[in-house]
Structures are given as structure tokens and as C-alpha cells.
Amino acid sequence: MTTIVETPFTKLAPESRSSGIAPHGGRLVSRLVTGAEAADVLTRAAKLPAIALDARTAADADLIATGALSPLEGFVTEKDYFSIVENKRLANGILFPIPITLTVPASRESEIRGRRELALLDEGGQIVGIIEVESTFSPDRLLEAKEVYRTTEDAHPGVAQIRKGLKDGPELAIGGRITLARRATTSRFPAHHRDPADLRALIASRGWRRTVAFQTRNPIHRAHEYLLRTALEIVDGLVIHPLVGETKGDDVPAAVRVRCYETLLGKYFPKDRVVLSTFPFAMRYAGPREALLHAIARQNYGFSHFIVGRDHAGVGKYYGTYDAQRAFDELSPDDLRITILSFEHSFFCRACGAVASIKTCPHDDSTRLALSGTAVREALARGENLPEEFTRPEVAEILRDAYKQAS
């Protein structure tokens, strides 16, 4: 059951009181095999035409195989693709808002036609698994841009990404179940990498009945801390679950962000109630639709609660400030089992002398410290200190040093 919580002190939904939250679709998918089964997959794959995965599709394959994108068992078929684009649902009616596709140039159609299986290669050219060919089709990227991203402008990074595949001519999408005999990617942060089954086991081992996840692709600043501490008052555990897959070029690099998270959690949060665990998904910048997908993934990881703040997964001016939160209002009661914590915009108010939100602060904008991502990046590029009211000094120092080395 999806519940939009207007304030963190609202009564908890009964379904969220157990650490055993069901995966999306009812079953945690597992398409990663080992032992003799893996050896058989690799032997079969060596005789097949191969598809090379790029960074994004390799990350998608790993997330599918480990259940993070349950109920997907592979890249989407034609029926699922168009159903997702037009209705935010798989063909069987289960909520799934963004199509996860695998494409090759259409010029390879004759090579692929009639094949029941194809090999999958990682970025280094090593065989990692197979895809069972259930469907080949031409994706409608214009329709996808309009429906998923709400724009056809190439300035939108999500639109630019899906159109990148067209640079060599028409695309052929291949849909079907995958089986991985090896991981398609190597974790950049092994100390913080946990697959859904691993994170579910960790949550259970800590006895957390209610666990909240915080999605971020940015360093955590004071306003974020306010959300996290407020959420932590009503749950047993908090997992900082940053997206560390592909992001746009001007976002803070994942390695820098992870150092910030480690420092902040190590010094300012209770170690027995907080965990840092990475989410190796490639950012789509799809606003409301991506917020829904992020929630689905967090349900699969075993979280009972998920924080959705202002402009979740947004970029530029393509989405309204609270469109992502409103997307959950449109769902039917059985679409999700995870509970959404919906927060207003937070800021440091000089008159209040504390971080507050528009619900709690009576003062006007002149008293509120608000720094855009652009303003922060520009200040760091100039080697300036960020205000202590905006972020912890230790975090600011990590960011400043990283920008200094990059310049």
C-alpha cells in the first residue's frame, strides 16, 4: 500500500511494521547463476552472436539479475515497452514507469533473426551471460521522450541518452529474460555494495522493523540532514542509498560524494541506526516517473519507507517542484507496498536560527539561505568556502579539495 505521509509524525501504515516487505510483484527475481549452471551458460554463449553492453545496460543487467528491478527478469519486450511508455505499467498491469531496454543497430536484424538466444558481453568484451530472445522491435523514441520525460528536447539528459542510440541509424530492441553467469559490472565501492538479498538480510539481522531509504545523487547538506533526522525519529534504521551509476557531467562525481557520506555519517549519526549502501543505477532524470521507479527498487531492497523530497529525480525546469510526490497520489492502493515520506522544501532560516521548512518557518525568503546546485558548483570552482549553515565544514572541505584538483 502506498501512503503519502504529509508529516513524519503521521501514524504509520500497518503494512510497514514488518521488515519482511514483499518485493515488487511478490517475488525477488534472481537471474545470476553459479557453478555448473554458470559454466553451461558460458559454454552456450560462446557459440552465439553477441551484444556488447555499455555502462548503462550493464548496470541494468546486474540490477535485473539481482532483483533490484523486480519483477523484470530481463530487458523489456515490445508489449511491455509500449505498455510502460503509454500507461506506466507492464502488459500484465504491474506498475513499472520506465522501460529498461537493450538495443542494437537495426542493421544486425538479419544476424539476430531466428535466434533463440544471444550472448551478452561486458564493456571489456568478456561473456557474462545470455538473453533469451522473446521479442525484437523498433522502439518509438519520440513517444518515449514525450511520455516518460515530458519533453523532446535534447537538452534534457534523459532524452539525449535515448537518442544517442540513433546516431548510427535505426535501432532494434531485443526483449527477453537474461541469465548472468558473471557480474556485468564491477562495484566501484565494494565496501558499500549490497544486492537486494544482502540488504534485506542486514536489515533483518539488525532487527529493524521499519527502515527508511534516502535516495541522493548529491552530497548531503543541512536541509537533507533535517529530513534524515526527522525520518529517523519514526523508524528503526536509516539507509543512505545514493545512486552511483551514470549521472550527467556536471553532477558531483560519485567517488567524491561517497567520501562526503562516509564523513557525515561517521561523525554526526548513530552508527547502530544508519547504513551507507550504494545503488548502482544510471540516472534517467525522468522526474515523477523516476521517483516511482526509485521507490519500486527500494521496495525490492527491503525498505519499508522511502523519502521523496522536492523535485525528486528532476533536472532543469522540466518538472514541477512537487510533481514527483504527486505521482504517488495517482496510484491505486495495491500498486506499491513501500510507504512514502513526503517532505516540503527545507532551508536554513537565519531568523529561526535553524533548518526549517515552509510548513514550520513563518519568515520570508530574505531570511532563508538557499543555494542552487549551480551556485554551489561555481563557489567550489572559485575555491570559496560554503556557508556552515548550508553544509558541514568537513563536507565542504572534501568538495572544495575535489574541485581544486579537477580545475
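Strand 14 (residues 346–349) and strand 15 pair in an antiparallel manner through four bridges; two strands count as paired if DSSP finds at least two bridges between them. Helices (H or I, at least four residues) and strands (E, at least two) are DSSP runs, numbered from the N terminus. The model is a predicted one, in which local features need pLDDT of at least 70 and side-chain atom pairs count only at pLDDT 80 or more, while totals for chains, interfaces and linings use all residues. Residues are numbered from 1 along each chain as its sequence is written, and side-chain values use heavy atoms, with hydrogens and water left out.

Within this pair, cysteine 349 has alanine 354 of strand 15 as its bridge partner. The two strands belong to an open sheet of three strands, in the order 15-14-16, with antiparallel pairing. Strand 15 (354–357) and strand 16 (368–369) are at the edges with a single partner strand each, so one side of each has no neighbour in the sheet.

Strand 5 (residues 117–121) and strand 6 (residues 127–132) run antiparallel and are joined by five bridges. Leucine 118 stands opposite isoleucine 131 of strand 6. The hairpin of strand 5 and strand 6 has five residues between the strands, and glycine 125 in this hairpin has a positive phi near 85 degrees.

Strand 6 also pairs with strand 8 (residues 171–180), in the antiparallel sense and over three bridges. Here isoleucine 131 is opposite isoleucine 178 of strand 8.

## Packing of helices 5 and 6

Two packed helices are described by the angle between their axes and the distance between the axes. For helix 5 (residues 141–149) and helix 6 (residues 157–164), the axes come within 10 Å and cross at roughly 160 degrees. Axes are lines fitted to C-alpha atoms, for helices over the stretch in contact, and angles run from 0 to 180 degrees between N-to-C directions. Helix 5 and helix 6 are therefore roughly antiparallel, a term applied to angles over 145 degrees.

Contact (heavy atoms within 4.5 Å) involves Arg141, Leu142, Glu144, Ala145 and Tyr149 of helix 5 and Gly158, Val159, Ile162 and Arg163 of helix 6. The residues of this contact comprise five nonpolar, one polar and three charged. In this grouping, Ala, Val, Leu, Ile, Met, Phe, Trp, Tyr, Cys and Pro count as nonpolar, Asp, Glu, Lys and Arg as charged, and the others, Gly among them, as polar.

In helix 3 (residues 78–87), the residues Asp80, Tyr81, Ser83, Ile84 and Val85 are buried, a term for under 20% relative accessible area, with exposed meaning over 50% and partly exposed in between (1.4 Å probe, protein chains only). Their cover includes strand 7 (135–137), helix 5 and helix 10 (288–300).

## Backbone features in loops

Most residues other than glycine have a negative phi, and most peptide bonds are trans. Lysine 88, in the loop between helix 3 and strand 4 (103–105), has a positive phi near 65 degrees. Lysine 88 counts as partly exposed, at 26% relative accessibility.

Tyrosine 285 lies in the loop between strand 11 (274–276) and helix 10, and its phi is positive, near 60 degrees. Tyrosine 285 is buried, at a relative accessible area of 2%. The peptide bond from serine 70 to proline 71 is cis, with omega near 15 degrees; proline 71 is placed in the loop between helix 2 (55–65) and strand 3 (74–75).

Definitions and conventions. Parallel < 35°, antiparallel > 145°, perpendicular 65-115°, else oblique.
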